[in-house]
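Trainee: Please take a close look at the aromatic ring pairs. I would like one connected account, with the charges and the overall fold as background.

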Amino acid sequence: ISYDSSRGTFFQCSYGDGAGGGPTRLLHRYTARMASQEAIAFNSGAAATALNALADADSTLFYVASLDAFFYWTSGAVLYKITPNAGTTWDVETVTITGDTLPTASHAHSRACWVESLGGMAYLPNDTGNLYFVRLV
């Protein structure tokens, strides 16, 4: 779950219960006080199909206010950009990463974060390896 500071809402993008249990991807928007829940869908396309098919228990979701987008980082080292709007059907696209091939992580949960001053995402695939950086702006 990640907080959308532009709209004052939270967004959940997880598989099942977030720990690998459950049959489907859960996409919901919540009001800031969690008073209401609204189902979110993605516009059809290759990225939406791929993301919805992932059965990933460990991933990282973060919101970037300057880009007005969520970024979803998977254990398989794939980055998705999710663009929210006032409706309930949002755009999703796969972000192309150039340069070094980033390693996969056995657990990507909380291993990626946005660094506003550098305009990109820091990624630590494990606690004994290298720290990687992906510039997004």
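Mentor: Lys and Arg count as positive, Asp and Glu as negative, with His and the chain ends left out; each charge is placed at NZ of Lys, CZ of Arg, CG of Asp or CD of Glu. On that basis, the protein chain has 7 positive and 11 negative charges, and their mean positions lie 5 Å apart. This is a predicted model: local features need pLDDT of at least 70, side-chain atom pairs pLDDT 80 or more, while totals for chains, interfaces and linings use all residues. Numbering starts from 1 along each chain as its sequence is written, and side-chain values use heavy atoms, without hydrogens or water.

Now the fold. From the N terminus, the order is β-β-β-β-β-α-β-β-β-β-β-β-β. The C-alpha atoms fill a box of roughly 40 × 35 × 30 Å along the principal axes. Of the 137 residues, 39% are buried (under 20% relative accessible area, 1.4 Å probe, protein chains only).

Next, the rings. Eight aromatic pairs are counted (Phe, Tyr or six-membered Trp ring centres within 6.5 Å; planes under 30 degrees apart are stacked, over 60 edge-to-face, the rest tilted). Phe-62 and Phe-71 are stacked, because their ring centres lie 5.8 Å apart and their planes meet at 25 degrees. Both Phe-62 and Phe-71 are buried. Trp-73 and Tyr-123 have centres 4.7 Å apart and planes at 65 degrees, so this pair is edge-to-face. Trp-73 sits in strand β7 (residues 69–74) and Tyr-123 in strand β11 (residues 120–123), so the pair ties together parts 50 residues apart in sequence. Trp-73 is buried, at 0% relative accessibility. Tyr-123 is buried too, at 0%. Ring pairs also join Phe-11, Tyr-63, Phe-70 and Trp-90 into a cluster.

How values were computed:
Buried means under 20% relative accessible area, exposed over 50%, partly exposed in between (1.4 Å probe, protein chains only). Helices (H or I, at least four residues) and strands (E, at least two) are DSSP runs, numbered from the N terminus.
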